[in-house]
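I opened a new notebook page for this model.

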Amino acid sequence: MKTPVVVIIGRPNVGKSTLFNRLIGNRGAIVNDQSGVTRDRNYGEVEWDGKEFQIIDTGGYVPNSTDLFETAIREQVDIAINEADAILFMVDVRTGINPVDIEITNMLRSYSKEFILLVNKVDSENFEAAAAEFYKLGINKIYTISALIGRKTGDLLDELTANFAPVTEDDKTDPRLKIAFVGRPNVGKSSLTNALLGYDRSIVTDIPGTTRDSLNTILKYYGQEIILVDTAGLRKKKRIEESIEFFSTVRTLKAIGECDVAVVMIDAQLGIEKQDQKIIEEAVRRRKGILLAVNKWDLIEKDTNTSKKFEDTLKRRTWNNRLPSGNFYIGINKAKDTQTC
C-alpha cells in the first residue's frame, strides 16, 4: 500500500510549520515570527484513526522574487502540487486576504486539483466572523483552525483522511523480505533492479527522473519471494538543483519506511554527498538494515588501493556524522570491476 502524500503550502509566516509540528507530534520544524524561516523541506509521518500519510512542510511562497531561496521554494511548491495526493493551502485570518493568497489560489486552480483552504490563527469563536472574508476566494472547502492550540485540527484530519485507505494487518505482517533501492536521481537504481531480475522491469536512461513512481517487483530466490522496490527518480520540471532532489527525497523516505533493507546506492564518480548522508540517517532512525552499493565503479580511474581508499572515505564521512558504525556493509566487486552489495 502506498502512503499518501499531503503538502502544506502558503505564503510566509501563516503558520505552516506550526501545523506541521502539531500533526507529527514534535518540533520538527523551526517556528519563528520572522518571514522565510523555513527554507528547506521538512518531512514527517502522521497517523490518524488507523490511517497513515506523509506530511511535507514547504517554505513560504513568494511570487516574482529574485531571491535565490525564494526562487527555489517556488520550484518546490510547483513540484509538490503536481505530486501531492492532497494539498493544504494555509492563510492567516489576522491579516485577511493578501494578494499572494489570490495568486496561489489561481495557481492551484490552473492545476485542476482539489485542495483545502485552512484559515489559520482562529484561536476562538471571536475570529470566526473575520474568517468569512476568505469565501471571496471562491474555494469550496474552507476550514478555520488554530495550528498553535490545535483548535478544530481533529475535524480537519477527519476530512483530509476520508478517502485514505486504512492500514490493515496484512500491510503490517507481510512476511516477505522487502528491499528498497534508494539514492539520488540517475545513480543506477533501475539498472541494478533490472540486473537482479534478469529483465528490464524499469526504463533506464541518462535523464534523471525516468522512473516516476516506486515500482514493486517480486524476485524469486531459492524458492523464496523477495519484494524489490525501485524507488522513483524525479520528474525534472525546472533547472534549479534543489528542486531536482525534492520529491526524490519524499519517495525515498516512503520506501525506507516500508522496507526491511535499504540498499543506498552511491555514485563512484561523485562519492558520498549530503543527500546520501540524509538517506542513511533516515534508515538508521527507522532501524532498517543498510547496504551501501557503489555504482559506476567502471567509470573511475583505479590503482591497487582505489577500492580501499574509497571504502575508508565512505566510513569516515558517515562515522564523522555520528552514524552508527555497525549498521551497514560496504562492498566493491574488484574482480568484475563493478559494484556489489
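My entries follow, from the whole chain down to single pairs.

I worked on a predicted model, where local features need pLDDT of at least 70, side-chain atom pairs count only at pLDDT 80 or more, and totals for chains, interfaces and linings use all residues. Residues are numbered from 1 along each chain as its sequence is written, and side-chain values use heavy atoms, with hydrogens and water left out.

**Whole protein.** I listed 10 helices and 13 strands. Both are DSSP runs numbered from the N terminus: helices are H or I with at least four residues, strands are E with at least two. I then looked up burial. Of the 341 residues, 51% are buried. Buried means under 20% relative accessible area, exposed over 50%, and partly exposed in between (1.4 Å probe, protein chains only). For contacts (heavy atoms within 4.5 Å), I took those with a separation of 6 or more; residues 24 or more positions apart account for 68% of them.

How many residues of H1 are buried? I got eight of nine for this helix, residues 16-24. Among them are Lys16, Phe20 and Ile24. Gly25 follows H1 with a positive phi, near 90 degrees.

**Salt bridges.** I counted 15. The rule asks for a side-chain nitrogen of Lys or Arg within 4 Å of a carboxyl oxygen of Asp or Glu.

I checked Asp92 and Lys121, which pair at 2.9 Å, N to O. Asp92 lies in strand E4 (86-92) and Lys121 in the loop between strand E5 (116-120) and helix H4 (128-131), so the pair ties together parts 29 residues apart in sequence. Asp92 is buried at 5% relative accessibility. Lys121 is partly exposed at 24%.

Glu45 pairs with Arg285, and their closest N and O atoms are 3.8 Å apart. Glu45 sits in strand E2 (42-48) and Arg285 in helix H9 (274-285), 240 residues apart. I noted Glu45 as partly exposed at 35% and Arg285 as exposed at 53%.

Which residue does Glu282 meet in a salt bridge? I found Arg286, at 2.6 Å, N to O. Glu282 is buried at 13%, and Arg286 is partly exposed at 21%. Shared partners join Glu45, Glu282, Arg285 and Arg286 into one network of salt bridges.
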